[in-house]
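Hi everyone, and thanks for coming.

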Amino acid sequence: MPEALLETRDLSRRFGALAAVDGVSLSFAEGRVHAVIGPNGAGKSTFLNLLSGELRATSGRVFFRGQELTRATPDRISRLGIARSYQSANVFAELSCGECVWLASHSRARTLVFPSARVAERARRALATCGLAERAGVRARQLSYGEQRQLEIGMILATDPQIFLLDEPLAGLGHDEAQRIVALLQELARRHTIVLVEHDMDAVFSIADTITVLVDGRVLESGAPDFIRQSERVREAYLGSDAP
Amino acid sequence: MISSRARLFLALGALALAAVPASGDRFWMQFLGKAMIGGIFAMSLDLLVGFAGLVSLAHAAFFGLGAYLLAGLSNRYQLAQMALTLPICMAGAAAGALIIGWLSLRAAGVYFIMVTLAFTQMLYYFLNDAPWFGGSDGLYVALRPLSNPIAAYYAIWIALVAVFAFLLLLLRSPFGRVLIGIRGNEQRMRSLGFPTRQYLLAAFVLAGSLAGLAGYLDANLYGFVNPALFGWRESGLVLMTVLLGGKGTLHGPALGALLLALLQQQGERLTEHWTAIIGAVVIAVVLFLPRGVAGLLEARRA
């Protein structure tokens, strides 16, 4: 087993009587794509929010390279190298694509006053990788929805992260747009660790090295794609309808 | 950011203002000096309202701090040299902004506005009731740094141009672009790794020190300070100036200050209910010129 980059121990988050995430212990190995799937309301987004610091855990702990960051703020978690994307494209609507990735890249710079050439270069490369090099001058809100999702990934790429937390990067996309993102994810997967929350099972099974199934905030099953595909319990949880 | 038409207009306006003392007219020098101070004050608030997306009602407090500090230094320590008093007064206003900003920025949105208002009112009542600072009568500035009216006028003019240029450069720097990002989507900026509250606090302190500069110039121009400088009315008025001129444009709020001063002066001659005229103009601008007076300069492009 490769070394665990990110790890949760008995992580829980309650909203009143509801345990949205209930005692989840998972370990995300370096260099792997680890998908977290489950029916609506299984607690996948809440789980990501706990990892990115946007929600505080009710109990349990989170470790990154052995360092505890259970109570760390989102900006500190990001600076440690944990980047996240959002379910609906969360870009700067009024800024151009170039400015969006520049801001993301600048978050790693020390300079306040003078623009840095390294920051600009990292931004340019991220924009090229996410396939929007030609659209640098276009305002984010003028992009198609699919392009906004590409920009979203370009932005977190520009922060030079060690691990990507991706929240349904394919949600709401048509077939061609989804294909473009899948290709982008496969490209990223070669060099990065990815935690992928996604509903599109074809995509999940084609990209992921490990799959965890969450149901009612708990880990139902965790393992390689073939193991998950054959699991009776997973089949039951999905009521046979869109069973993988 | 600023169209070439607006740039030409601003440059001509600044030159015209520089020529005013040549006329030797004391009234216009005092009047335009006051209007330019209002312009500096409004531009400093625009950094918060228009660029960082922070609506603060504490801004008059930093104007008042700059003014009161000058009165205090002058009366108690017989200090008047500008090279000494100006940095102290601006630093004092910045320190006030650091404390008030640090506490207020723990709240967000409308709560932030209410907390800043509460601090302003606290300072107002403190100065109004405490015997050491002249109470509700205020204080005279015994020794003015620049008592010559022409020197005072040019100091204001230089400060106006310098603050405009400084803020323009600041907003184009990485720091300014981060502020604009925070205005657009603070939550996203935080998740990209920016300690957004620290950036906002830095902007708050910077804006506070520039408001202190405006207050300093005001106390020098009039030779008099009173607690009304701290009132929520002043904070509201400068906010109105920013909106009237066009928030997020920098030159707009400066123009707004001039317009407001003219309205007040002409209005007072017409009727004792001159505030009603200002109210009507503000409503008209908000309804028909959503980008403020600055929008007029850009209108032909659109």
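**A helix held inside**

Let's begin with helix H1 of chain A, residues 44-52: eight of its nine residues are buried, so this helix is largely enclosed by the rest of the structure. Before I go on, please keep in mind that what you see is a predicted model.

Which residues of H1(A) are buried? Going along the helix, they are A:Lys44, A:Thr46, A:Phe47, A:Leu48, A:Asn49, A:Leu50, A:Leu51 and A:Ser52. "Buried" here means under 20% relative accessible area. Just after H1(A) comes A:Gly53, which has a positive phi of about 85 degrees.

**Chain A as a whole**

Now let's zoom out. Chain A contains nine helices and ten strands. Its radius of gyration is 18 Å, which agrees with the value near 18 Å that a compact globule of 244 residues would have. Along the principal axes, the C-alpha atoms fill a box of roughly 55 × 40 × 35 Å.

How much of chain A is buried? The share is 54% of its 244 residues. As for contacts between residues at least 6 apart in the sequence of chain A, 66% join residues at least 24 apart.

Turning to charge, chain A carries 29 positive and 30 negative side chains, with the centres of the two sets 7 Å apart.

**And over to chain B**

Chain B has twelve helices and two strands. In what order do they come along the sequence? The pattern reads α-α-α-α-α-β-α-α-α-β-α-α-α-α. Chain B has a radius of gyration of 19 Å, close to the 19 Å that the globule rule gives for 302 residues, so chain B is as compact as a globular protein of that length. Its C-alpha trace spans about 50 × 40 × 40 Å along the principal axes.

In chain B, 53% of the 302 residues count as buried. Of the contacts in chain B with a separation of 6 or more, 78% are between residues 24 or more positions apart.

The accessible surface of chain B is about 13,600 Å², and 68% of it belongs to carbon and sulfur atoms. Finally, chain B has 19 positive and 10 negative charges, whose mean positions are 15 Å apart.

Methods:
Residues are numbered from 1 along each chain as its sequence is written. Chains are lettered from A and ligands numbered from 1 in the order in which they are written. This is a predicted model: local features need pLDDT of at least 70, side-chain atom pairs count only at pLDDT 80 or more; totals for chains, interfaces and linings use all residues. Side-chain values use heavy atoms; hydrogens and water are left out. Helices (H or I, at least four residues) and strands (E, at least two) are DSSP runs, numbered from the N terminus. The radius of gyration is taken over C-alpha atoms; the globule rule is 2.2 Å times the number of residues to the power 0.38. Buried means under 20% relative accessible area, exposed over 50%, partly exposed in between (1.4 Å probe, protein chains only). Contact means heavy atoms within 4.5 Å. Accessible areas come from the Shrake-Rupley method with a 1.4 Å probe; for residues, only the protein chains shown count as cover. Lys and Arg count as positive and Asp and Glu as negative; His and the chain ends are not counted. The place of a charge is taken as NZ of Lys, CZ of Arg, CG of Asp or CD of Glu.
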